[in-house]
Amino acid sequence: KQMKAYNYSSFYNNNFDWSQMRIFSNYIHIKNINSQNFLHQITSNAAKCTDRTHSEHRSFGASGYKNSSGHDVTFLNDCVDDRVHNYFHYLLGNAFSTFQSKRGLSTSASKKKYIKWDKLAQFILNNPMATRVEILPTDKVTNFDQEIKDWQRDNTIELLSYEKRGHIGWHIDSDSNVTIAILVNNPREFIGGELEFRTSEKDSVVERAKFEEGDVLIWNANTAHQVLPVIRGTRKVLVVEFWNLGRSWQVGRVGPQDHILQTS
Ligand SMILES: O=C(O)CCC(=O)C(=O)O
Ligand SMILES: [Fe+2]
């Protein structure tokens with residue numbers, strides 16, 4: 001059966017109710033209204049990349065759980081086209097615009113209280129979709145243009161699958177600047193697997209995300225987070241990380257050819 005040609009512009013217009021975007025201390029939560037097509041597209045793309053070079057089992061983070069394991073990861077950079085990359089830029093762009101209109105551009109107080117948004121702001125500003133962002137705290141940026149370019153190009157797209165006590169302990173996404181996660185399957189299909197955040201690994205206040213199918217979470221990669229063990233069923237998450245130039249090639253996570261963004 002032939003798959004229907006996929007129209008991303010309909011995502012841009014219809015998919016998210018930005019008024020429902022919520023800003024928590026450690027992450028942003030965006031409700032997805034109709035993600036079925038997009039998620040189906042991504043998971044069928046993933047089916048092209050299940051060979052050894054694209055997938056592995058990973059386990060990391062500080063774990064206090066016995067008999068637990070990590071997750072299976074499929075690296076999708078090779079298997080999705082530029083529209084998918086652009087889609088994530090769109091997401092980030094609108095998240096920032098919405099953030100800005102809800103909070104005002106980061107003052108030093110809000111920066112402390114919420115997330116370090118200056119990096120994100122700089123990134124977003126080069127996104128043509130983020131037309132509402134006008135001001136820019138450039139004072140601390142030495143090579144702004146290059147930094148922006150690097151950030152936009154260097155992202156990783158990973159499909160994660162947790163089962164049989166799969167979990168990830170407390171960690172930060174050390175190579176990433178900003179991380180996006182989308183829950184791919186219905187939370188009724190698994191038990192456990194809660195995603196929790198705290199500002200640092202010493203912070204005693206833990207925020208547990210309410211993560212529904214198709215929802216998007218965005219966090220500063222320096223924010224500590226963990227995934228509790230999946231007790232039953234399978235939990236699937238799409239994770240996009242925005243890295244600095246060259247880092248992901250150096251560690252062999254994805255190849256340089258995967259990073260070229262064609263905006264035409
Ligand atoms: O599975 C998740 O929700 C988050 C995964 C994660 O934190 C990571 O891959 O670094
Ligand atoms: Fe992480």
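Donors are N, O and S atoms within 2.8 Å of the metal (3.2 Å for Na, K and Ca); water is not among the atoms, so sites may look incomplete. In this model, the donor residues of the iron ion (ligand 2) follow the sequence spacing H-x1-D-x51-H. The model is predicted: local features need pLDDT of at least 70, side-chain atom pairs count only at pLDDT 80 or more, and totals for chains, interfaces and linings use all residues. Residues are numbered from 1 along each chain as its sequence is written, chains are lettered from A and ligands numbered from 1 in the order in which they are written, and side-chain values use heavy atoms, with hydrogens and water left out.

**Iron site**
- His171 (NE2), Asp173 (OD) and His225 (NE2) coordinate the iron ion (ligand 2) at 2.1 Å.
- His171 has a relative accessible area of 10%, so this residue counts as buried (under 20% relative accessible area; exposed is over 50%, partly exposed in between; 1.4 Å probe, protein chains only).
- Asp173 is buried too, at 8% relative accessibility.

**Polar contacts of ligand 1**
- A polar contact is a pair of N or O atoms within 3.5 Å.
- A polar side-chain atom of Arg235 lies 2.8 Å from an oxygen atom of ligand 1.
- For the side chain of His171, an N or O atom is 3.1 Å from an oxygen of ligand 1.
- The side chain of Asp173 also has an N or O atom 3.1 Å from a ligand 1 oxygen.
- Alone, ligand 1 exposes 300 Å², and the protein buries 98% of that.

**Shell around ligand 1**
- Residues surrounding ligand 1 include Arg58, Phe60, His71 and Tyr162.

Conventions: Near = heavy atom within 4 Å. Polar contact = N/O pair within 3.5 Å; in protein donor to acceptor, adjacent residues only side chain to side chain. Areas by Shrake-Rupley, 256 points an atom, 1.4 Å probe, with all protein chains shown as cover.
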